Amino acid sequence: MRKSVPILAGLACVVLLSGCGKRGYDRARPDEFAVARQAPLVIPPDYALVPPQPGAARPQDNANSAQTLDALFGGNTQRSAAENGVVNQAGGDVADTGIRSSVGDPATNVVDKGTTTRDIVAAPEGDGQDARASAQ
């Protein structure tokens, strides 16, 4: 048994190192970087473009702010018949159009959630080790 251990170890090394040889390793494969030639960069002529004026607002910035306002407050896009039907069933024809402007107003009436919510909000910050609960 002791004589077979070095023989098996040597055989394992030969088997493992045989994969490092060049036998079966084909160097005639295509180069992945030389397969397709890249075309040179060319700026197409567009005679309608004018150079930007120094200090002028960028048109891309205006488009972003307009898209943001449309997303927040709804643009002037037409609704489909199905969407109009759902909105009308939900009472959209009597809804206040400026509701998003008046939600944060201090004079807006809010729902009183009770003393428990008020106590939770007014509780001091902490890790909760001193917290006590009581059921009434």
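My notes on fold, surface and pocket follow.

Ground rules first: this is a predicted model, where local features need pLDDT of at least 70 and side-chain atom pairs count only at pLDDT 80 or more, while totals for chains, interfaces and linings use all residues. Residues are numbered from 1 along each chain as its sequence is written, and side-chain values use heavy atoms, with hydrogens and water left out.

Fold: I found five helices and zero strands, taking helices as DSSP runs of H or I with at least four residues and strands as E runs of at least two, numbered from the N terminus. Along the sequence that reads α-α-α-α-α.

Burial: I looked up how much of the chain is buried (under 20% relative accessible area, 1.4 Å probe, protein chains only). The figure is 0% of 136 residues.

Surface: the chain exposes about 14100 Å² (Shrake-Rupley, 1.4 Å probe), with 58% supplied by carbon and sulfur atoms.

I checked its lining, 15 residues, and the closest to the centre are Phe73, Arg79, Gly92, Asp96 and Thr97. A pocket here is an open set of points on a 1 Å grid where a 1.4 Å probe fits, with protein on both sides within 12 Å along at least five of seven lines; lining residues have an atom within 4 Å of a point. Helix α4 (residues 99-102) gives the largest share of that lining, three residues.

Key
Buried means under 20% relative accessible area, exposed over 50%, partly exposed in between (1.4 Å probe, protein chains only).
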